[in-house]
Amino acid sequence: MAPEPEPDPVFFECGHCNTRVQGKEHGRYDFYLEDMPFAEERVLVSCGNCKWPNLIGREFYGTLGGTDQWGEWRVHPATTRTFGPDVPKAVRKTYDEAQVNLRSGSFLSTALMCRRSIELLAKDQGATKGDLAKKLAKLQEEGVIDLRLFEWADALRLAGNDAAHEDDADYDISKEDADDLITFTEAIIDYVYIYKARFDEFRARRPKRTHPPQSSARKTGTRTKATGRAGTPVVEH
Ligand SMILES: [Zn+2]
């Protein structure tokens with residue numbers, strides 16, 4: 001009996017140790033259903049570096065110059081994040097597009113879509129005047145984002161500007177930078193629409209405390225016996 005042809009080796013970025021490796025294959029399932037534009041595969045692989053399992057999705061795009069062309073992405077641990085209705089549709093859609101661009105290796109477009117996500121978030125949060133730098137400053141002023149997130153958002157703005165205006169034809173953004181831009185964008189969306197809203201709801205459910213607010217303690221420089229640090233009021237339980 002003729003030996004089975006060797007399956008294509010799968011190279012992927014491990015979702016556990018973030019190293020790009022050739023996976024050791026443990027199983028492959030290929031399938032094509034009527035409503036699918038292309039055939040797909042799922043390949044169970046272990047990482048050559050940290051040994052943890054990953055599930056890789058592959059989609060067949062056709063052949064080019066006699067070579068099969070496949071799109072690849074990691075199914076588990078998941079690389080894509082889907083937001084629900086808490087996030088405005090325009091922001092959600094733009095962020096999804098940034099993720100698709102990242103997955104297909106279009107890093108400049110990833111930077112553009114990340115910047116646009118932040119632009120739409122600022123608009124939704126009522127910052128409509130001036131350029132994006134001014135809008136972000138206003139969001140920070142009003143406490144919609146804190147200083148650290150302001151810095152991240154500003155980095156996204158600048159990377160997006162470079163992606164849009166750099167006239168060097170070879171200018172590109174590295175995969176690492178594009179990855180980081182996605183992470184920052186996701187964190188800002190999470191903070192504004194998910195965590196902040198949840199924390200506000202949580203606080204509203206809690207009984208009111210009567211101790212003095214922290215800011216007045218800081219102003220008078222009171223020291224507390226419990227910590228000896230200035231301006232740290234002790235909460236009595
Ligand atoms: Zn690994």
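## Span of helix 5

The expected span of a helix is 1.5 Å times one less than its number of residues. In this predicted model, helix 5 covers residues 175-205, a run of 31 residues. From its first C-alpha to its last, helix 5 reaches 43 Å, close to the 45 Å expected. A bend of about 45° occurs in helix 5 at Tyr-191.

## Overall arrangement

The chain holds six helices and six strands. Read from the N terminus, the order of elements is β-β-β-β-β-β-α-α-α-α-α-α. The chain has 237 residues, of which 22% count as buried. Among contacts with a separation of 6 or more, 49% join residues 24 or more positions apart.

## Packing of helix 5

Helix 5 has the buried residues Ala-178, Leu-181, Ile-182, Thr-185, Ile-188, Ile-189, Val-192 and Tyr-193. These buried residues pack against helix 1 (89-103), helix 2 (107-124) and helix 4 (147-165).

One of the buried residues of helix 5 is Ile-189. Leaving aside residues up to four places away in sequence, Ile-189 touches Phe-83, Val-87, Val-91, Tyr-95, Ser-117 and Leu-121.

## Nonpolar cores

The largest nonpolar core has 32 residues, and those touching the most other members are Ala-111, Cys-114, Ile-188 and Ile-189. At least two residues of this core come from each of helix 1, helix 2, helix 3 (132-141), helix 4 and helix 5. Helix 2 supplies the largest share, eight residues.

Another core, of seven residues, lies apart from the largest one. Its members include Cys-14, Val-43, Val-45 and Ile-56.

Key:
Residues are numbered from 1 along each chain as its sequence is written. This is a predicted model: local features need pLDDT of at least 70, side-chain atom pairs count only at pLDDT 80 or more; totals for chains, interfaces and linings use all residues. Helices (H or I, at least four residues) and strands (E, at least two) are DSSP runs, numbered from the N terminus. A residue is buried if 20 or more other C-beta atoms lie within 10 Å of its own, exposed if 12 or fewer, and partly exposed in between; C-beta atoms are placed from the backbone. Two residues are in contact if their C-beta atoms, placed from the backbone, lie within 7 Å. The bend at a residue is the angle between axes fitted to the seven residues ending there and the seven starting there. A nonpolar core is a set of buried Ala, Val, Leu, Ile, Met, Phe, Trp, Tyr and Cys residues joined through C-beta atoms within 7 Å.
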